[in-house]
Amino acid sequence: IGAANNLLAAMLDNHIFQGNALNIDPRKITWRRCVDMNDRQLRNVVDGLGGKTNGTPREDGYDITVASEIMAVLCLASDINDLKQRLSRIIVGYTYGKASEQKPVTAGDLHAEGAMTALLKDALKPNLVQTLEHVPAIVHGGPFANIAHGCNSVTATKLAMKLADYTITEAGFGADLGAEKFLDIKCRMAGLKPNAVVIVATVRALKYNGGVPKADLNNENLEALEKGLPNLLKHVSNIKNVYKLPCVVAINAFPTDTKAELDLVESKCRELGVNVALSEVWAKGGLGG
């Protein structure tokens, strides 16, 4: 991902250096370099310094690799040809001119998509790994849910569906971000139709939503828990009433949760007609599922 991202950046700057036939405005470049490290010192830089032979000076910046648009593109691609087409449509900047005259410049305009695809040909293949309890898992891709769609790759999900009787995939960052992007973006593009949704919740998080300081989350607090429950119930309502999908709430139990707290979460969910299951995998691993 990082190599393909930075190849595109290098080809973009080299095009400007070699005469700028596409009339790209260096002030309107939107494509940033990336590094596999959260280094805030590199978020905004000026590069191309050092004289005429070392490029055109301009403002630039680095993103962390998983935040690269290429990560999102890779995870939505259905095959290598689709990947190449998607890469070619990436917008890297705009041309000189008045706002009404500026035109987007793409990776395809720079003829970069072929070389980028070659770098990604193996990265497109899903990874088969196993959990500590020897359960097979396909881990592939990681686009950020706050700037992309927050799901693993389409190829990984479809491969798992072909190899197993049932497939569970994670859509992170909560049901209001990960799940909705999974359903609105990934499922539409890939033609996927989930049979059910599991919404994972913790008593600790709900108490935190209800105003309890982090240091006090181990203490029973039914009042704060009830204040925090609308957060969970809204997620449940969205899945059940907006997307019309059956769902179950899995309470990821911690040893500090009390029976009264667990019962309160269960009763509020059942009022919405949603089943609740207690999950003790945090403490017991697979035996607690």
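Helix α2 (residues 69–76) and helix α3 (residues 80–88) pack against each other at an angle of about 145 degrees, with their axes 9 Å apart. Helices here are DSSP runs of H or I with at least four residues, strands are runs of E with at least two, and both are numbered from the N terminus. The axes are lines fitted to C-alpha atoms, for helices over the stretch in contact, and the angles run from 0 to 180 degrees between N-to-C directions. The crossing of α2 past α3 is right-handed, a term used when the near helix is turned clockwise from the far one by less than a right angle, anticlockwise being left-handed.

The model is predicted: local features need pLDDT of at least 70 and side-chain atom pairs count only at pLDDT 80 or more, whereas totals for chains, interfaces and linings use all residues. Residues are numbered from 1 along each chain as its sequence is written, and side-chain values use heavy atoms, with hydrogens and water left out.

The residues that join the two helices can be named. From α2 come Ile-70, Val-73, Leu-74 and Leu-76, and these meet Asp-82, Leu-83, Arg-86 and Leu-87 of α3; contact means heavy atoms within 4.5 Å. Asp-82, placed in helix α3, has a relative accessible area of 16% and is therefore buried. The term buried means under 20% relative accessible area, exposed means over 50%, and partly exposed lies in between, with a 1.4 Å probe and protein chains only. When residues up to four places away in sequence are not counted, Asp-82 touches Leu-76 and Ala-77.

Helix α2 also holds Ala-72, which has 13% relative accessibility and so counts as buried. Beyond residues up to four places away in sequence, Ala-72 touches Pro-143, Ala-148 and His-149. Ala-72 and Ala-148 stand 76 residues apart in sequence, yet their C-alpha atoms are 6.3 Å apart in space.

A further helix pair involves α8 (222–242) and α9 (residues 259–271). Their axes come within 10 Å and cross at roughly 35 degrees. The contact is made by Leu-222, Leu-225, Glu-226, Leu-229, Leu-232 and Leu-233 on the α8 side, and by Ala-260, Glu-261, Leu-264, Val-265, Lys-268 and Cys-269 on the α9 side. The passage of α8 by α9 is a right-handed crossing.

From the helices, the reader may turn to a strand. Val-92 lies in strand β5 (residues 91–94). Its relative accessibility is 1%, so Val-92 counts as buried. Setting aside neighbours within four places in sequence, Val-92 is in contact with Leu-8, Leu-12, Ile-29, Thr-30, Trp-31, Val-105, Thr-106, Ala-107 and Leu-110.

Apart from neighbours within four places in sequence, Arg-32 is in contact with Asn-5, Arg-43, Asn-44, Asp-60, Gly-61, Tyr-62 and Asp-63. Of these, Tyr-62 is 30 residues from Arg-32 along the chain, and the two C-alpha atoms are separated by 5.7 Å.

The backbone deserves a remark here. Most residues other than glycine have a negative phi. Asn-20 is not a glycine, yet its phi is positive, at about 60 degrees. Asn-20 has a relative accessible area of 15% and is therefore buried. Lys-244, also a residue other than glycine, has a positive phi near 60 degrees. Lys-244 lies in the loop between α8 and β10 (247–252). With a relative accessible area of 63%, Lys-244 is exposed.

These details belong to a protein whose secondary structure comes to 10 helices and 11 strands. The C-alpha atoms fill a box of roughly 70 × 45 × 40 Å along the principal axes. Of the 289 residues, 40% are buried. Among contacts between residues at least 6 apart in sequence, 62% join residues at least 24 apart.
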